[in-house]
Amino acid sequence: MDSIEAAKRRMKNRRRTGIQKEGDNNANNYVNSLISRVLLSVIVFFGAIIFMNSTKVGNEFIKETVLKENISFTKIANIYNKYFGDIVPFEKVMKDDKTVFNEKIQYESITNYKDGYELAVNKNYLVPIINSGVVVFVGEKEGFGNTVIIQGIDEVDYWYGNVGNLSVGLYDYVSKGGYLGTAQGEKMYLQFRKGNEYLEYNGFIE
């Protein structure tokens with residue numbers, strides 16, 4: 001009997017040891033993969049900087065593409081995730097579109113204005129975010145006043161003009177339906193742009 005019980009204990013210990021080793025191996029594999037991706041990203045980054053600063057082709061690329069064209073943060077993120085994977089293992093936490101403010105754009109009237117639209121709203125209207133994305137600009141725009149531009153996950157640039165009391169900052173990831181800020185006065189401006197094309201408001205707001 002003693003030998004049977006001893007054999008059972010040895011088998012249990014082996015199973016525990018095997019599970020522990022498997023867990024350790026998974027953790028080690030993730031850490032090694034993470035380190036490799038970070039190092040590869042650093043190498044690509046500094047390689048690109050050296051190329052752009054030391055060659056004529058690189059300088060022309062900066063002038064023509066980076067300085068003149070609209071950079072797509074969503075495209076960059078998609079390319080990075082495709083080849084390197086998500087550096088943070090909690091993808092759902094970072095990309096959760098769960099609403100907080102849970103509102104839609106409401107207005108009394110809407111008219112065309114500077115390739116976009118002017119909306120008549122209530123005084124100190126609480127402005128909701130139309131679509132999830134990254135804040136790529138916060139500041140003054142001629143004719144629009146204090147402006148926030150969000151590059152949506154659909155690669156559309158959403159301009160919110162004449163807004164204040166902001167709850168967002170530059171390069172924040174914001175969620176659809178969340179609280180952006182308040183309209184200054186009784187009007188605000190919206191513009192929808194994809195690349196060099198200005199889009200109609202139909203399909204974005206009701």
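Buried means under 20% relative accessible area, exposed means over 50%, and partly exposed lies in between (1.4 Å probe, protein chains only). At 12% relative accessibility, Asn 162 therefore counts as buried.

This is a predicted model, in which local features need pLDDT of at least 70, side-chain atom pairs count only at pLDDT 80 or more, and totals for chains, interfaces and linings use all residues. Residues are numbered from 1 along each chain as its sequence is written, and side-chain values use heavy atoms, with hydrogens and water left out.

1. Asn 162 sits in the loop between E6 and strand E7 (163-164). Helices (H or I, at least four residues) and strands (E, at least two) are DSSP runs, numbered from the N terminus. The side chain of Asn 162 has two backbone oxygens to look at: that of Gln 184 lies 2.7 Å from one of its polar atoms, and that of Lys 187 is reached at 2.7 Å. A polar contact here is a pair of N or O atoms within 3.5 Å; within protein, one must be able to donate a hydrogen and the other to accept it, and residues adjacent in sequence count only if both atoms are side-chain atoms. Beyond four places in sequence, Asn 162 also touches other residues, including Phe 144, Thr 182 and Met 188; contact means heavy atoms within 4.5 Å.

2. Gln 191 belongs to strand E10 (residues 187-194) and is buried, with a relative accessible area of 3%. The side chain of Gln 191 reaches the backbone oxygen of Lys 114 at 3.0 Å. Among its other contacts outside four places in sequence are Asp 115, Asp 157, Trp 159 and Tyr 198. Gln 191 and Asn 112 are 79 residues apart in sequence, yet their C-alpha atoms are 9.8 Å apart.

3. Lys 114 is not a glycine but has a positive phi of about 45 degrees. Asn 124, in the loop between E2 and strand E3 (126-128), has a positive phi near 60 degrees. Most residues other than glycine have a negative phi. Lys 114 is partly exposed, with a relative accessible area of 47%, and Asn 124 is partly exposed with a value of 47%.

4. Which residues touch the most other members of the largest nonpolar core? They are Val 127, Tyr 160, Met 188 and Leu 190, out of 24 residues. Strands E2 (116-120), E5 (145-152), E6 (157-161), E9 (179-183) and E10 each supply at least two residues, and the largest share, three residues, comes from E10. Such a core is a set of buried Ala, Val, Leu, Ile, Met, Phe, Trp, Tyr and Cys residues joined through side-chain atoms within 4.5 Å.

5. Phe 204 lies in the segment after strand E11 (197-198) and counts as partly exposed at 22% relative accessibility. Its contacts beyond four places in sequence include Val 156, Tyr 158 and Phe 192. The C-alpha atoms of Phe 204 and Phe 192 are separated by 8.5 Å, with the two residues twelve apart along the chain.

6. Phe 46 is in helix H1 (residues 2-54) and is partly exposed at 49% relative accessibility.
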